Amino acid sequence: MKRSKKIAVNVFRVILSLGFLWFAYSLIRFDDQVEVRFGTEMITAQSVEEQGETYLVTLSDTETRTVPKEGTTITNQPGFLTLFNRMNKNLFFILLPFCLIPFLLLSIRWWVLLRATKFEVSIRESFLINYIGLFFNNFLPGNEGGDLARGLIVARGADRKTALIGTILLDRLIGLVAMILLATVCVLPFYHDPSMRLSFFIILGLFFGMIFSYLVYFNRTLRGFFQGKGEKGRFR
């Protein structure tokens, strides 16, 4: 019974993985396309040919359409193969390994959090799990898909699931703090720019809110004040 269940689970994983790969493949557009805009209408065509005062728009192998030149805008949309042929391949393959450096740093950050909570995980395992999470982030709506995938992968068979999920949330929180700090540094030179004034105050509010939350959490006096206030309101 257990063996049959294990086989069924493995088959399901393979089918699910193939399904995600097919979904990712279907998102790639290999052929070139042409966007034709006239008036309020926009159509996607395979090719466009000039014929006097009109364009002959080929929509498919069996369907064509004629549109006037006046008021028509044509935009070429190159496909994946065209873009790949245009780029500098030597430079691409030289730079490709460097794209893994940010993921390695993120994996080391999460590995430190896991080690701090007494989980024996290697940097290699942390990197592979983060890379799987990156796949889900790219092909699922939002960035929470990768966190969910990491949580499901890591928590499988672990006794301290809550602590594991906590490291993922803390990892996300550290990333948020880093983004707020970076945004604060970047927006400071634009204080006198009227178009950046709203963004400046929003980011500054996030920065001071972060500092205030940090002080409340790590300062016993402030934390005791807010906890005491909450307890008084609870027993009214």
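Strands S4 and S5 (residues 64-68) pair in the antiparallel sense over five bridges. Strands here are DSSP runs (E) of at least two residues, helices are runs (H or I) of at least four, and both are numbered from the N terminus. Two strands count as paired if DSSP finds at least two bridges between them.

This is a predicted model, where local features need pLDDT of at least 70 and side-chain atom pairs count only at pLDDT 80 or more, while totals for chains, interfaces and linings use all residues. Residues are numbered from 1 along each chain as its sequence is written, and side-chain values use heavy atoms, with hydrogens and water left out.

**The sheet around S4**

Start with the contacts between S4 and S5. Tyr55 stands opposite Val67 in S5. Thr58 faces Thr64 of S5. A hairpin of five residues connects S4 to S5.

S4 also pairs with S3. Strand S3 (residues 47-51) runs antiparallel to S4, and five bridges join the two. Gln51 has Thr54 in S4 as its bridge partner. S3 and S4 form a hairpin with two residues between them. In that turn, Gly52 has a positive phi of about 70°.

Together the three strands make an open sheet in the order S3-S4-S5, with antiparallel pairing. S3 and S5 are the edge strands, each pairing on one side only. The twist averages 25° from one strand to the next. Such angles run from 0 to 180 degrees between N-to-C directions, and the axes are lines fitted to C-alpha atoms, for helices over the stretch in contact.

Why is S4 largely enclosed by the rest of the structure? Four of the five residues of S4 (residues 54-58) are buried. Buried means under 20% relative accessible area, exposed means over 50%, and partly exposed lies in between (1.4 Å probe, protein chains only).

Strand S1 (residues 33-38) pairs with S2 in the antiparallel sense over five bridges. The bridge partner of Val36 is Ile43 in S2.

**Rings**

A search of the whole structure finds 10 aromatic pairs. Rings of Phe, Tyr and Trp (its six-membered ring) pair if their centres lie within 6.5 Å; planes under 30 degrees apart are stacked, over 60 edge-to-face, and the rest tilted. Two edge-to-face pairs are listed below.

| Pair | Centre to centre | Between the planes |
|---|---|---|
| Phe30 and Phe80 | 5.8 Å | 85° |
| Phe200 and Phe201 | 5.4 Å | 80° |

Phe30 lies in the loop between helix H1 (2-26) and S1, and Phe80 lies in helix H2 (residues 80-86), so their pair ties together parts that are 50 residues apart in sequence. Phe30 is partly exposed, at 25% relative accessibility. Phe80 is partly exposed too, at 40%.

Phe201 is partly exposed, at 47% relative accessibility.

Ring pairs also link Tyr25, Phe30, Phe80, Phe84, Phe92 and Phe93 into a cluster. The charged end of Lys89 sits over the ring of Phe84, 5.2 Å from its centre. That of Arg197 sits over the ring of Tyr191, 5.3 Å from its centre. The criterion is NZ of Lys or CZ of Arg within 6 Å of the ring centre and within 35 degrees of the ring normal.
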